[in-house]
Amino acid sequence: MGYSDKTLGRQAALQFLFGRDCSPDTWAGGFDEFWEMDPLALSREAFEDGERPAWEPESAGRIKSAAVRDHARALAGAVEEHQENLDRRISGAVQNWSPDRVGRVEWVILRIGLCEMEHFENTPAQVVISEAVNLAKMFCAEESPGFINAVLDRLRRGAAKTPDMAPDTGEDPPQDE
């Protein structure tokens with residue numbers, strides 16, 4: 001059983017946003033270049049001995065499909081647009097951790113999950129959290145899925161300490177469904 005287009009889109013958005021976080025390049029124009037680079041091939045080049053891809057081989061051919069690309073672009077664009085507010089809210093939800101101690105990949109997963117819960121109405125929050133946990137299982141340390149689940153669930157319940165932060169009222173990004 002392969003991954004859905006949305007799941008593959010989340011994986012691609014994570015790779016793009018992580019790469020953007022590690023470079024001075026901006027969103028504008030970078031997404032098209034990202035697709036031209038074949039992100040899965042680049043990931044495979046980084047494997048060490050004994051490491052295997054987190055994605056299923058039959059999904060690799062679909063990663064460049066229009067549906068996957070559209071969802072990845074919508075997610076990455078929405079995260080870029082709302083990043084400042086997302087970061088403030090995540091900082092308020094990270095309990096017993098200084099935000100600068102959270103891994104960069106975990107932080108990008110939290111941004112994607114929170115952004116999808118708030119700006120993509122067609123996906124229930126429980127599904128978004130489950131997908132974020134699965135991303136953490138693929139790309140993060142063993143303890144990260146539980147951390148991602150706890151932080152996103154805290155944000156979903158509105159239990160995060162964010163007294164000075166109003167909900168993001170920006171426009172919703174275009175939906176691919």
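Trainee: What should the 17 residues of helix H1 span at 1.5 Å a residue, and how far apart are its end C-alpha atoms?

Mentor: Bear in mind that this is a predicted model. Helix H1 runs over residues 5–21, and at 1.5 Å a residue its 17 residues should span 24 Å, which agrees with the end C-alpha atoms being 24 Å apart.

Trainee: Is H1 largely enclosed or open?

Mentor: It is largely enclosed by the rest of the structure, because 13 of the 17 residues of H1 are buried. For the protein chain as a whole, 46% of the 177 residues count as buried.

Trainee: OK, so what about its partners, say H6: at what angle do the two pack?

Mentor: H6, which covers residues 104–119, packs with H1 at an angle of about 125°, and the two axes lie 10 Å apart. Angles over 145 degrees would count as roughly antiparallel and those from 65 to 115 as roughly perpendicular, so H1 and H6 are oblique to each other. Their crossing is right-handed.

Trainee: Which residues meet there?

Mentor: On the H1 side they are Arg10, Ala13, Leu14, Leu17, Phe18, Arg20 and Asp21, and these meet Arg104, Val105, Val108, Ile109, Arg111, Ile112 and Glu116 of H6. Sorted by class, that contact has 8 nonpolar and 6 charged residues, with no polar ones.

Trainee: And H7, how does that one cross H1, left-handed or right-handed?

Mentor: H1 passes H7 in a right-handed crossing. The axes of H1 and H7, the latter being residues 125–139, come within 11 Å and cross at roughly 55°, and the two helices are therefore oblique to each other.

Trainee: Changing topic, how many helices and strands does the protein chain have?

Mentor: It has 8 helices and 0 strands, and read along the sequence the pattern is α-α-α-α-α-α-α-α.

Trainee: What share of the contacts join residues at least 24 apart?

Mentor: Taking the contacts between residues at least 6 apart in sequence, 78% join residues at least 24 apart.

Conventions: Residues numbered from 1 in each chain as written. Predicted model: local features only at pLDDT ≥ 70, side-chain atom pairs only at ≥ 80, totals over all residues. Heavy atoms only, no water. Helix = DSSP H or I, 4+ residues; strand = E, 2+ residues; numbered from the N terminus. Expected span 1.5 Å × (residues − 1). Buried < 20%, exposed > 50% of the residue type's maximum accessible area, 1.4 Å probe, protein only. Axes fitted to C-alpha atoms, helices over the stretch in contact; angles between N-to-C directions. Parallel < 35°, antiparallel > 145°, perpendicular 65-115°, else oblique. Left-handed = near helix turned anticlockwise from the far one by under 90°. Contact = heavy atoms within 4.5 Å. Nonpolar A, V, L, I, M, F, W, Y, C, P; charged D, E, K, R; others polar.
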